[in-house]
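I open this notebook to record what I looked up, entry by entry, with the cut-offs written beside each term.

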Amino acid sequence: YQRRVHGGPESEATFPPTFWAQFDCILTGLDNSQARQYVDLQSVTAQRALVDSGTTGTQGHVQVIIPFQTETWGSSKDPDIEDSYPVCTVKHFPFSTEHCVHWAKDQFEVRFCETPVEINRLCAQGGFLENIRHTKDPNSFRLLRRLKKLATQPPAGFSDCVRYARAKFERSFSHQIQQLLIKYPDSKSEHGRPFWSLPR
């Protein structure tokens, strides 16, 4: 079932008690705490087993909840993971300052930390092209493309650096946003809420 769970009166209308009672077990893959708390409460009220699953960054989890026999989702809280947010939220629907900071930090680390370190590591091993040729890591091919571009189109001066920065800006803050608006047009949900209203 793929309708969005928001919690509150809107969800009550879409997901009445009879909705939850029809299942023997409820499986979820929700992306926010509000929706998890709501489904957790409904599963306990309906006395139905719940299997909650999700991802945060590169980490995943699964929790099995059996009403009145195991701990509920809302009765415990995993340790906070610093600077860790759902990848899909940060990439497609960042709605808080923290999401934007996390995205910018990730972009910086990839471009100015991880990529140079990986290039230096592959070069230090010797036989760089052989290493690339025999690897199955897609990141290595990305590095090779980046190296080729730097070798064949090196910046000749400050103006080239400005052009490169401007192109990156256009891709990140214009083209990708326009693509999102095409993929997810400014329409309304079945309840009349704008698609881009929070939380997304």
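Which residues make up the largest nonpolar core? Before answering, I note that this is a predicted model, in which local features need pLDDT of at least 70 and side-chain atom pairs count only at pLDDT 80 or more, while totals for chains, interfaces and linings use all residues. Residues are numbered from 1 along each chain as its sequence is written, and side-chain values use heavy atoms, with hydrogens and water left out.

Entry: the core. I find that the largest nonpolar core has 12 residues in all, namely Phe-15, Phe-19, Trp-20, Ile-26, Leu-30, Ala-35, Tyr-38, Val-39, Ala-46, Leu-50, Ile-65 and Trp-73. Such a core is a set of buried Ala, Val, Leu, Ile, Met, Phe, Trp, Tyr and Cys residues joined through side-chain atoms within 4.5 Å; buried means under 20% relative accessible area, exposed over 50% and partly exposed in between, with a 1.4 Å probe and protein chains only. H2 and H3 each supply at least two residues of this core, and H3 gives the most, with 3 residues. Helices are DSSP runs of H or I with at least four residues, numbered from the N terminus.

Entry: the rings. I looked up the aromatic pairs and found 7 in the structure. Phe-19 and Phe-23 form one that is edge-to-face, 5.2 Å centre to centre with 80° between the planes. Rings of Phe, Tyr and Trp (its six-membered ring) pair if their centres lie within 6.5 Å, and planes under 30 degrees apart count as stacked, over 60 as edge-to-face and the rest as tilted. Phe-19 counts as buried at 11% relative accessibility, whereas Phe-23 is partly exposed at 28%. Trp-20 and Tyr-38 also pair edge-to-face, at 6.3 Å centre to centre and 65° between the planes. Trp-20 lies in helix H2 (residues 17-21) and Tyr-38 in helix H3, so this pair ties together parts that are 18 residues apart in sequence. Trp-20 is buried at 3% relative accessible area, and Tyr-38 is buried at 8%. I note that ring pairs link Phe-15, Phe-19, Trp-20, Phe-23 and Tyr-38 into a cluster.

Entry: Ser-43. I place Ser-43 in helix H3 (residues 33-45), where its relative accessible area of 0% makes it buried. Leaving aside residues up to four places away in sequence, Ser-43 touches Ile-26, Arg-48, Leu-50 and Pro-67, contact meaning heavy atoms within 4.5 Å.

Entry: Ile-177. I place Ile-177 in helix H8 (residues 158-183), and at 42% relative accessibility Ile-177 counts as partly exposed.
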